[in-house]
There are 6 protein chains.
Amino acid sequence: MKIIHILFYFIFFSFTISHASINDFCVANLKASYTLSGYPCKALANITSDDFVFHGFVAANTSNSFKLGITTASVANFPALNGLGISAMRVNIDEGGFAPMHTHPGSTELIIVVQGEITVEFVTPTSFYSKALKSGDLFVIPQGMLHFVVNSGKGTAAGFAAYSNENPTVQQLDLLLFANKLPSNLIAQTTLLDLDQVKKLKAHFGGSG
Amino acid sequence: MKIIHILFYFIFFSFTISHASINDFCVANLKASYTLSGYPCKALANITSDDFVFHGFVAANTSNSFKLGITTASVANFPALNGLGISAMRVNIDEGGFAPMHTHPGSTELIIVVQGEITVEFVTPTSFYSKALKSGDLFVIPQGMLHFVVNSGKGTAAGFAAYSNENPTVQQLDLLLFANKLPSNLIAQTTLLDLDQVKKLKAHFGGSG
Amino acid sequence: MKIIHILFYFIFFSFTISHASINDFCVANLKASYTLSGYPCKALANITSDDFVFHGFVAANTSNSFKLGITTASVANFPALNGLGISAMRVNIDEGGFAPMHTHPGSTELIIVVQGEITVEFVTPTSFYSKALKSGDLFVIPQGMLHFVVNSGKGTAAGFAAYSNENPTVQQLDLLLFANKLPSNLIAQTTLLDLDQVKKLKAHFGGSG
Amino acid sequence: MKIIHILFYFIFFSFTISHASINDFCVANLKASYTLSGYPCKALANITSDDFVFHGFVAANTSNSFKLGITTASVANFPALNGLGISAMRVNIDEGGFAPMHTHPGSTELIIVVQGEITVEFVTPTSFYSKALKSGDLFVIPQGMLHFVVNSGKGTAAGFAAYSNENPTVQQLDLLLFANKLPSNLIAQTTLLDLDQVKKLKAHFGGSG
Amino acid sequence: MKIIHILFYFIFFSFTISHASINDFCVANLKASYTLSGYPCKALANITSDDFVFHGFVAANTSNSFKLGITTASVANFPALNGLGISAMRVNIDEGGFAPMHTHPGSTELIIVVQGEITVEFVTPTSFYSKALKSGDLFVIPQGMLHFVVNSGKGTAAGFAAYSNENPTVQQLDLLLFANKLPSNLIAQTTLLDLDQVKKLKAHFGGSG
Amino acid sequence: MKIIHILFYFIFFSFTISHASINDFCVANLKASYTLSGYPCKALANITSDDFVFHGFVAANTSNSFKLGITTASVANFPALNGLGISAMRVNIDEGGFAPMHTHPGSTELIIVVQGEITVEFVTPTSFYSKALKSGDLFVIPQGMLHFVVNSGKGTAAGFAAYSNENPTVQQLDLLLFANKLPSNLIAQTTLLDLDQVKKLKAHFGGSG
């Protein structure tokens with residue numbers, strides 16, 4: 001019966017084999033130059049099951065001033081995500097902790113709470129949208145919206161998040177405003193914050209000027 | 001000091017208010033006709049915080065022959081996902097259970113295991129990619145790949161999945177082949193399955209012909 | 001010789017006429033529901049040359065606290081831009097004036113200075129990019145970047161801007177933080193601003209809470 | 001054994017049935033308003049096998065001054081193509097016939113010659129690309145390129161073409177220049193054609209002015 | 001009169017020449033690394049008319065167990081298709097022959113029958129769509145749908161197909177299930193096929209395990 | 001207070017720093033090979049404020065037969081535009097001057113008149129759209145439409161244009177038809193122009209054949 005097999009290969013495989021790595025998935029070759037559509041593809045012959053797995057997606061340390069632990073899996077450390085438009089994050093927040101105001105330009109965030117209570121809020125020029133979430137609640141933060149997350153309950157809170165982008169970026173507001181060398185008076189002028197406030201936070205976040 | 005506020009509104013708001021609902025998010029009006037780019041947008045004035053929350057993302061019942069429980073949150077039951085390119089699924093599988101062979105055309109699936117052991121496999125014409133995953137492991141199934149999931153450990157296994165599509169579809173192989181009225185001999189011919197096998201599974205899955 | 005004409009019509013026009021309005025341009029029917037890909041198309045028969053023109057793209061009034069005048073032409077007031085991925089803005093700033101910190105999620109801004117001196121700056125978590133621009137200088141602000149613009153010279157400054165989106169939105173930072181009803185202590189906590197500062201600006205921008 | 005079937009339906013179908021018509025295909029409802037992403041979808045319950053078939057894709061009449069017969073199947077007469085990014089055309093050209101200079105903005109054309117000899121040429125500002133094609137030859141005309149086709153052999157020539165767009169448009173050069181009411185002197189000035197030439201062709205193609 | 005020409009070049013060509021190869025077409029440099037958006041572009045200076053032609057798009061040999069002959073022209077052997085979103089296939093099937101169950105993830109297939117009778121069918125979880133096609137019939141198989149093709153008439157049948165992708169892939173069901181080393185019992189479990197059936201087809205298709 | 005700063009870096013920066021250059025902007029490395037999605041990205045460490053500025057966007061010389069001066073800023077000379085979908089052009093036209101018939105495939109043009117009177121017209125197979133524009137008027141030319149621009153007033157006219165593409169191309173009609181080596185009789189046949197007319201313009205524009 002092997003004859004069917006052999007003939008079958010003859011017919012279909014010129015069409016199939018050489019392309020299998022191209023359209024159906026494209027594990028990133030992280031050593032190649034990044035382009036606007038992602039990384040070039042690793043050769044099919046070098047791809048194994050291990051490429052599609054990410055180990056260590058576990059709770060991160062929270063011993064910091066935000067009481068916040070974040071573990072991320074995106075194309076930079078999980079190259080199989082290249083071109084697939086998705087990535088993941090795991091968050092745990094000790095009681096009283098929070099993630100400060102930030103945005104993810106071009107990446108929607110879908111949060112799943114699995115422990116404790118987490119309040120998520122995003123703001124628009126005319127309103128804000130907010131919810132105290134418990135285990136079994138989902139919340140979606142549309143791409144580019146300024147938002148924050150706080151542990152609003154007792155004990156540690158925990159959740160998972162997925163992003164609609166294999167390579168989400170984060171723009172944390174305090175770092176944008178206070179961690180650079182942009183002159184304090186310009187920041188004060190264009191944010192309408194008091195100059196003293198700007199200088200105080202520049203000192204906190206390592207900015208100068 | 002309110003004068004600043006008033007003037008500010010005058011300048012910016014003709015530019016801002018009317019558009020805020022359009023580009024920044026577009027909660028689906030599910031009563032309108034679906035188009036290739038999703039649903040038309042619900043009016044901004046009718047959008048509240050509740051639109052961005054999904055309750056009841058909890059473990060589903062597993063008392064079925066697959067010992068499989070699935071809960072999904074996609075645009076059809078969580079309209080805020082409209083246009084955002086992401087959705088979520090929660091899966092729990094009792095010991096010995098599994099999700100049979102299926103594909104999600106156009107949707108990549110990123111699975112996070114949180115309990116027990118789950119083995120995920122996807123197949124290509126020339127190979128297969130597979131891993132036994134434990135809590136803290138992620139696995140990605142590129143869009144359109146035929147795959148299955150089994151509880152390969154002791155006790156119940158559980159996980160979450162995210163899809164790179166707000167409206168993922170599922171094509172379960174047995175339903176494709178055996179739940180319709182396509183003549184059994186045609187299925188046998190074009191799958192190379194034995195006719196008896198086809199007829200037996202047609203009886204299982206409700207197909208005729 | 002009209003016979004060529006007549007035959008020609010017969011051949012080509014079944015192919016041409018009915019579609020001309022569809023793919024080649026799609027002037028918005030602003031009365032129809034907005035979708036994720038823009039507005040439905042106005043009927044070809046109702047489209048005239050006037051649809052492709054926008055009058056009154058002139059300098060706006062600057063008698064406000066920012067000494068800033070902005071005129072915009074986007075799909076909402078220039079429906080021919082529907083689906084074309086471009087729009088325009090005209091800005092004039094009196095001496096000492098400025099446009100405060102804001103972002104345009106999903107819209108790149110390309111600024112052309114035609115009078116005076118304008119300094120444009122955008123910030124990232126680790127750096128800032130800035131230039132004092134004079135007549136004949138262009139500056140590009142990539143989509144989603146937090147930025148501001150100041151008149152850094154003598155007399156009135158003026159420029160034009162184009163956006164890579166027919167429907168750009170603006171997220172002005174002060175409005176995001178201080179014009180809503182989000183409790184002041186939550187804003188203070190998650191921005192690390194002092195509570196007094198938050199309350200002072202809430203009073204300015206009309207927020208409460 | 002039907003119990004497997006019944007349970008299976010319970011698990012998977014809430015996920016499957018309601019969406020099958022949405023993401024996997026979207027047969028156009030041609031009575032609804034066209035949008036930039038195509039037509040809204042016909043209800044799944046009303047879709048039959050006939051929706052996916054187009055009859056009468058046969059050679060068209062060539063008794064016209066171009067000796068050219070064209071049959072097209074695009075979304076307007078084959079609604080199942082909606083959103084699928086492909087359409088087809090069948091061409092036959094009698095000896096001495098041709099298709100005059102035209103472009104398809106946004107649609108690549110892939111031509112297959114099946115009878116006779118067809119010469120296809122497209123032009124760029126600095127070069128032209130051309131080939132006399134016989135049965136078994138393919139030629140690709142990249143989107144937006146000005147091109148023409150001539151029967152360069154003996155007897156009737158025939159071919160098929162596919163377009164990378166479910167709704168290709170055609171911009172025939174003579175119709176663009178000579179079938180409208182744009183003043184002849186403006187056309188002469190901006191094409192550098194002689195005024196007499198412009199007026200002569202305006203008379204042919206039904207233009208005035 | 002050459003002076004017009006010379007001046008013209010001076011004005012327009014700095015704008016034109018260097019870019020002509022970039023946006024208007026991008027013939028693949030197949031030696032460079034593939035990226036998610038296709039291959040890098042061959043230098044314009046090296047492109048000739050021959051790049052846009054594919055010879056030998058003729059009927060393939062059918063002396064195999066499927067009585068099936070397939071000739072394909074996609075970016076891998078016709079590099080001018082790079083980025084243009086289209087490719088072609090020619091099929092001929094001897095009496096009694098067929099193409100077995102397969103899918104093309106991400107590629108819609110538009111089939112034109114030119115000889116004999118071909119029956120095309122695609123299946124969904126709840127239905128199937130099918131038609132016996134004769135010369136002059138078109139059929140469209142939406143991207144990702146499981147389908148097969150049989151010669152349902154007398155004598156040889158023949159047709160052409162176009163794909164909405166310059167690089168279509170094929171996932172043949174028997175190869176997915178039976179040509180790899182995935183353990184037979186796992187396949188049997190997750191397809192609900194009998195283990196004997198799986199082992200029998202593994203033997204046919206060269207799989208093991 | 002620096003302790004906050006230090007901890008903050010620890011938490012967020014593994015997530016932030018390495019990616020900032022990738023998704024948020026991608027200044028072109030013009031020495032690398034162009035791909036269908038643009039140029040690979042310049043390393044973040046080498047990017048300065050100067051990358052985002054273009055100097056010399058000033059009026060170009062008009063001492064040519066068209067009395068036309070054009071200055072362009074696109075990705076080839078302003079690499080920061082890479083991937084951002086926008087570019088700019090500055091035009092000045094002396095009295096009696098004009099820009100001849102041309103198209104920009106894939107690029108919409110939005111023109112702002114700032115001095116004098118400019119008449120813009122684009123043509124379709126069944127109509128034309130036209131307007132005499134004065135300072136403060138905008139006009140949009142949808143992508144791929146054949147159009148021209150004339151100074152229709154007294155004295156010099158001037159304007160700016162933006163394109164919905166970082167790399168717009170221009171297809172000038174006379175160059176397409178008369179600057180190449182395509183045989184004159186073929187051009188005459190397929191445009192329906194008189195052979196004498198074709199030969200006369202071939203002499204002007206440097207074509208042969």
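Chain E and chain D bury about 4,100 Å² between them, with 74% of that on carbon and sulfur atoms. Keep in mind that this is a predicted model. If you're wondering why an area is quoted at all, the size of an interface is often given as the accessible area lost when the parts come together. On the contact count, 52 residues of chain E touch 52 residues of chain D.

| Item between chain E and chain D | Value |
|---|---|
| Salt bridges | two |

One of the salt bridges links the side chains of Lys131(D) and Asp50(E), at 2.2 Å from N to O.

So much for the pairs; now for what chain E brings to the side that touches chain D. Its elements giving two or more residues are α1 (2-16), β1 (53-54), β3 (87-93), β5 (109-115), β7 (128-133), β8 (138-141) and β10 (157-163). Of these, β7(E) supplies the largest share, five residues. Sorted by type, the residues on this side of chain E come to 33 nonpolar, 14 polar and five charged.

The two chains also pair up through strands. Which strand of chain D is joined to β1(E)? That would be β8 (residues 138-141) of chain D, joined to β1(E) by two bridges, with the strands running antiparallel. Within this pairing, Leu138(D) sits opposite Phe54(E) of β1(E). And β1(E) is also among the elements that give two or more residues to the side of chain E touching chain D.

Technical notes: Residues are numbered from 1 along each chain as its sequence is written. Chains are lettered from A and ligands numbered from 1 in the order in which they are written. This is a predicted model: local features need pLDDT of at least 70, side-chain atom pairs count only at pLDDT 80 or more; totals for chains, interfaces and linings use all residues. Side-chain values use heavy atoms; hydrogens and water are left out. Contact means heavy atoms within 4.5 Å. Buried area is the accessible area (1.4 Å probe) that two parts lose on being put together, summed over both. A salt bridge is a side-chain nitrogen of Lys or Arg within 4 Å of a carboxyl oxygen of Asp or Glu. Helices (H or I, at least four residues) and strands (E, at least two) are DSSP runs, numbered from the N terminus. Ala, Val, Leu, Ile, Met, Phe, Trp, Tyr, Cys and Pro count as nonpolar, Asp, Glu, Lys and Arg as charged, and the others, Gly among them, as polar. Two strands pair if DSSP finds at least two bridges between them.
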